[in-house]
Number of protein chains: 2
Amino acid sequence: MTQNRQFILKRRPNGAPVAEDFALETSTIPALDEGQFLIRNHYASLDPAQRGWMSDADSYMPPIPLGAPVRATTIGVVEKSRAEGFAKGQWVMGLNAIEDYSIGTLGGFTQPIDPHAVPKVTNYLSLFGAVGMTAYFGFLDVCEPKPGDVVLITGAAGAVGSLVGQIAKILGCTAIGIAGGAEKCARLTERYGFDHAIDYRGKDVAALDAAIRAVAPDGVDVIFENVGGDILDAGLMNLKHGARIGLCGLISEYNAPQPVGARNIWQLIVHRASIRGLLVADYIARFAEGGAQMGEWAAAGKLIVDEHVDEGLDNALPAFLRLFEGSNQGKMILKIA
Amino acid sequence: MTQNRQFILKRRPNGAPVAEDFALETSTIPALDEGQFLIRNHYASLDPAQRGWMSDADSYMPPIPLGAPVRATTIGVVEKSRAEGFAKGQWVMGLNAIEDYSIGTLGGFTQPIDPHAVPKVTNYLSLFGAVGMTAYFGFLDVCEPKPGDVVLITGAAGAVGSLVGQIAKILGCTAIGIAGGAEKCARLTERYGFDHAIDYRGKDVAALDAAIRAVAPDGVDVIFENVGGDILDAGLMNLKHGARIGLCGLISEYNAPQPVGARNIWQLIVHRASIRGLLVADYIARFAEGGAQMGEWAAAGKLIVDEHVDEGLDNALPAFLRLFEGSNQGKMILKIA
């Protein structure tokens, strides 16, 4: 139990991460300080945001140091504890790393969780974790949807996007999803209840613009943006007056050498529309409220959450790369133990 | 009086407008319909927005038709009238065109004005017109400045920008202006009371970023954006948490073949900041309120408004091009008669 396998960042990726950027290394777990506890990690969340943390850009979190394990939200079980309220056997969730064992302290994202309160313990990494809370607060608080609104969701087959589309439907909005490939588009309409699905593959900005216009001839009230690049530019050409764009992510440019951003922001003037950045960390104090509502919708069969679990620390990189290839179906999770 | 010289759009400009895109033509004034009045135009407002109206892009206004005179806000005197309340001799302001005579009807921007109520009748094209109201409502309503805020204004020596900086100072903000050349920068601090001026000439994004950081090491709360391109990208790298960017214009790209937009919008996520487009047309119903406040500030010596008047319909193009060369000092106005 004193040996710890860690998925280490050896080199900052240039473009798409490759094997040489990482190493699986074994280290010895240091002794616990007062207030700390040792977590046996069972599952790690794999998210596009981690690609940003691997770069050296100053962002909302410091870069992952070279030589350190890759930062990730994990869920696991307390093995040893020198912290009040975190006894051996307690399940916990927190912002830790992709490794067998993490040392936790109370604060930030770290919190005890109850595996019996949810259908599956991994739901804490999807419905009740950063993903679910991003969908819930990012959509409701930042995009301010109203019943009848036309809502465009990009990256719609992804973990956050599929939840946003379903929440839009619960609220009485029209949900249009953009995703890559016929299979994912079928999932949007057949499994998640989107009204329309648009396959972005093989489409340039003009073709994407036309495809959105075909299903939303009067424009869209809300865009929940996960992708950026051509897809955002096409969305910007289809805004209604006063449209709100919630900027959740820009996955199309995380592996790009230079940011593309939004070329068509002149449309914000034309339609007096807005783009607002969102980050789930702002809503930690309201997670209980969001989780209760999401859990209620899920229990009532109104909200489907899919999880895609790959196994083993030695699969960390291929599992992570699925997010950029689009080969995952649901929230991407790595099973560690 | 039946002959009308008109500054006609002959061809849609490709890049910067050139002489061949226009012609000064003479036509006969048609007879008035009931509800119309004939305006002898004295002054026309020259604004960057007109460049957008010359393109064929669908925007917040239809493109100027080829063969039609170039749309402009003008002020003039009613010569003949078949409209109630608009007697011969009445001064009026309205969205007309660059021409000797325009036919007006009540509605939209069109309104009677009183030349004795203001220091100069041209103030209706600056302080009390679209320019002044853009500065007033665009800044106060869209950017929501608070005392103590650090406000960055781009295109700061321009008609709108110079007013926004002065309003920021009146409200107790720190005003930082970006402009082109040492002379304009000196005007910002010495004439308009900005705290800091940054000369964008010869600076790339990194140098602009560093120049902003040097005077606003903790970032900016508000950006009032008139320029776009490298200057907007540098501003995006200097946002405080929750910063508001009011997007008023993108003059750097009006003559460009392709829009550049905002490459660094990932910073909106990092700082949960927003970009919101603004257009003065939304505030027509509140112009009296805005004009009263601007007039009060100007009368108290707190607000300086500069006007740059070129003379003659045959000078319309060189006068208009000053806006893009930056050779005007103050609100650009063409004296027609």
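Helix α2 (residues 130-142) of chain B lies across β8 (150-154), β11 (220-225), β12 (239-247) and β13 (274-277) of chain B, where contact means heavy atoms within 4.5 Å. Helices (H or I, at least four residues) and strands (E, at least two) are DSSP runs, numbered from the N terminus. In chain A of this predicted model, helix α6 (residues 229-236) lies across β8, β9 (174-179), β11 and β12 (239-247). The angles of both helices are tabulated below, with axes being lines fitted to C-alpha atoms, for helices over the stretch in contact, and angles running from 0 to 180 degrees between N-to-C directions.

| Helix | Reference strand | Angle |
|---|---|---|
| α2 of chain B | β11(B) | about 145° |
| α6 of chain A | β11(A) | about 165° |

The strands belong to an open sheet of twelve with mixed pairing, in the order β10(A)-β9(A)-β8(A)-β11(A)-β12(A)-β13(A)-β13(B)-β12(B)-β11(B)-β8(B)-β9(B)-β10(B), two strands being paired if DSSP finds at least two bridges between them. Because β10 (196-199) of chain A and β10 (196-199) of chain B stand at the edges with a single partner strand each, one side of each is left without a neighbour in the sheet. The twist averages 15° from one strand to the next. Within chain A, β8 (residues 150-154) and β11 (residues 220-225) pair in the parallel sense over three bridges, and A:Ile153 stands opposite A:Phe224 in β11(A).

Chain A can be laid on chain B with an RMSD of 0.0 Å by a turn of 180° and a shift of 0.0 Å along the axis, the superposition being by least squares on the C-alpha atoms of residues with pLDDT of at least 70 in both. The two copies are thus related as by a two-fold rotation axis. Of the interface residues of chain A, 100% are also interface residues in chain B, so the copies meet through the same surface.

Residues are numbered from 1 along each chain as its sequence is written, and chains are lettered from A and ligands numbered from 1 in the order in which they are written. Local features need pLDDT of at least 70, side-chain atom pairs count only at pLDDT 80 or more, and totals for chains, interfaces and linings use all residues, while side-chain values use heavy atoms, with hydrogens and water left out.
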